[in-house]
Every structure is written in structure tokens, then in C-alpha cells.
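The following exercises are to be worked through with the sequence and the three-dimensional structure at hand. Each task is followed by a stepwise solution.

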Amino acid sequence: MGTKSPDIFGLSESLTAAQKLFFAQNGFLHFQQFLNPLMVQQALDAMAELEREWLQQGKTHIYGVPLRMGFDIDGSPIIQRFAFASLYHEKLQAIIADPRLKALLCLLGPGARLGEREKDGMVINHYVNVPGSGFCRLGWHTDSIRDLFLGGKVFPMLNIGIHLDDCPMNMGGLRVLPGTHEQNTLGMLFRKRYFLQHKADRKEVGFDVRAGDLTIHDGRLWHRVAQAPTVGEASRRRVIYIPIISGKYSPKHPESTTPLYHKLHTLIK
Ligand SMILES: O=C(O)CCC(=O)C(=O)O
Ligand SMILES: [Fe+2]
């Protein structure tokens with residue numbers, strides 16, 4: 001098993017030199033209580049409302065990105081991966097508009113912005129361990145592989161995670177390989193078998209996450225989501241992801257076509 005992440009920082013409106021240094025060396029940071037319990041509950045309520053709406057409307061894609069469908073503990077249908085969620089709910093929009101998130105932009109550099117309309121926009125992942133559940137873990141990967149796959153060039157990007165459930169390290173959850181954001185292209189391609197490999201790495205780091213915490217990782221960092229050791233309610237894990245990107249602004253729109261990457265991804269998972 002990996003070690004616990006030793007560094008937890010508070011998020012104020014600007015980052016300290018120590019935080020920036022830790023990020024440069026390790027490729028990730030963990031901040032406690034970005035959202036207070038009331039804000040977490042509002043986000044969960046918004047997510048549930050949006051889910052009801054999208055299921056009722058029979059939506060399968062948002063801005064060309066496929067929704068991942070699954071089943072809850074009681075057998076009812078749920079959405080396990082939302083895309084562009086902030087564009088469809090004002091409470092989720094408010095999270096992306098929180099001025100404290102701006103403090104994180106400096107980690108990417110000049111021209112950095114929150115990708116509300118780009119990539120997959122605000123993603124929400126909903127993992128739950130039920131017998132036969134298809135989405136209770138995620139194999140080793142980097143987020144930047146998409147760029148390599150789509151265009152051959154990696155554009156710098158970061159991913160902010162806003163965690164909506166408690167997830168101590170012994171309940172599974174996010175695992176990262178510190179420092180791997182600095183690897184060469186070969187390392188990014190071949191260190192692990194993309195999405196197929198789930199085994200713990202000796203050097204991986206996990207997090208004792210409380211609902212409301214925020215993590216941020218470099219898109220080139222190797223990471224995975226470990227499966228909860230229990231089934232049912234205790235295994236539920238909901239996380240909002242927001243990309244930080246730079247470079248040419250390339251927003252998607254409701255009629256955007258499905259990227260090839262997502263078509264293949266649906267096949268291998
Ligand atoms: O759920 C998480 O914490 C990580 C998800 C992830 O790595 C991804 O969706 O690319
Ligand atoms: Fe990822």
C-alpha cells in the first residue's frame with residue numbers, strides 16, 4: 001500500500017511559496033474544507049436535481065461528451081459521470097465562480113483559466129460499490145494522455161477535485177504517484193497500462209479526504225481511484241472535477257460531436 005499524503009494546506013486567496021514548491025516537486029496538493037458542510041450539501045442537492053432532470057430527458061451526451069450511466073444500491077438508475085454540469089445548474093456555477101479558485105491558476109502559469117466550456121467542463125464522478133457495478137474504481141492513467149492521443153502534443157493542464165464525501169485513505173479513493181508529472185513522453189505513455197492496471201504502487205500516495213476538501217493535480221501525473229473495500233453506502237464517493245487550461249480558447253457547444261477519445265474510452269472501461 002502507499003503512504004498517506006503528509007501535506008495538507010489551507011486554501012486562502014493566494015498560495016504560499018511552500019505550496020507552490022510542493023506542487024512543483026510533487027505534482028499535487030490537498031486543501032482541507034474548501035467547501036463547508038452547507039455548501040457540500042448544496043452541491044449534492046444540485047447534482048441530484050440535475051441527475052433527475054437529465055434522466056427524465058433521456059440525455060445520453062452533454063456537449064458531445066457521453067454521460068456514464070449506472071445503478072445505485074437500490075437498483076435505481078444513476079449518472080456516474082456528468083460533464084459540463086456547471087452550465088446546467090446555478091449552484092454548480094457558483095462553485096466554479098468562487099474567487100478562491102483563482103488562486104490556483106498561478107500553478108499553471110500565464111493565460112490559465114478554468115475550463116468551464118472546454119474539455120469536458122465540470123465533471124462529476126459518482127462511484128458506488130454495488131454487486132455488478134461498473135464504476136467503483138478507475139485504473140492508472142494520466143489526464144494529459146488525451147492531448148497526446150488527439151493531437152500528439154501535450155498542453156499543460158491541471159485538474160481540481162472538489163470532494164463531496166468523506167473518504168479516508170483506507171476506504172479507497174484517489175492515489176497519485178508523486179513527481180511523475182516531470183517524466184518524459186515514454187513515461188507518460190508506458191509507465192502503466194492505461195486504465196487496465198489497478199494494482200497499488202509502492203510509491204503511491206493516498207489522501208484522508210473529508211467532504212469539502214479540494215485536491216489539485218497536474219494532468220501529466222499518474223493517478224488512479226482505488227476501490228472501496230466495502231460495498232453499499234459507505235463506498236459512495238462523489239467528486240467534482242474542474243480543469244485548469246491555457247492556450248487557444250476552444251469552447252464546446254451543445255452540438256459538439258463526440259471526441260474519438262471518448263468513444264474508445266467507453267469500449268475499454
Ligand atoms: O475520482 C477521482 O478522484 C479521479 C477521477 C479521475 O482521475 C478522472 O476522472 O480522470
Ligand atoms: Fe484522472
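**Exercise 1.** How many bridges join strand S5 to strand S6, and do the two run parallel or antiparallel?

Solution. The model is predicted: local features require pLDDT of at least 70, side-chain atom pairs count only at pLDDT 80 or more, and totals for chains, interfaces and linings use all residues. Residues are numbered from 1 along each chain as its sequence is written, while chains are lettered from A and ligands numbered from 1 in the order in which they are written.

Step 1. Locate S5 at residues 68-71 and S6 at residues 77-82; strands are DSSP runs (E, at least two residues) numbered from the N terminus.
Step 2. Four bridges join these antiparallel strands; pairing requires at least two DSSP bridges.
Step 3. Arg 68 has Arg 81 of S6 as its bridge partner.
Step 4. Five residues lie between S5 and S6 in this hairpin, and Gly 75 in the turn has a positive phi of about 90°.

**Exercise 2.** Determine whether Pro 243 is buried or exposed, and identify its contacts.

Solution. Step 1. Pro 243 belongs to strand S15, residues 232-245.
Step 2. Pro 243 is buried because 21 other C-beta atoms lie within 10 Å (buried: 20 or more; exposed: 12 or fewer; partly exposed in between; C-beta atoms placed from the backbone).
Step 3. Beyond its neighbours within four places in sequence, Pro 243 contacts Gly 115, Lys 119, Met 157 and Asn 159 (contact: C-beta atoms, placed from the backbone, within 7 Å).
Step 4. Ile 160 is 83 residues away along the chain, yet its C-alpha atom is 6.1 Å from that of Pro 243.

Definitions and conventions: Contact = placed C-beta atoms within 7 Å.
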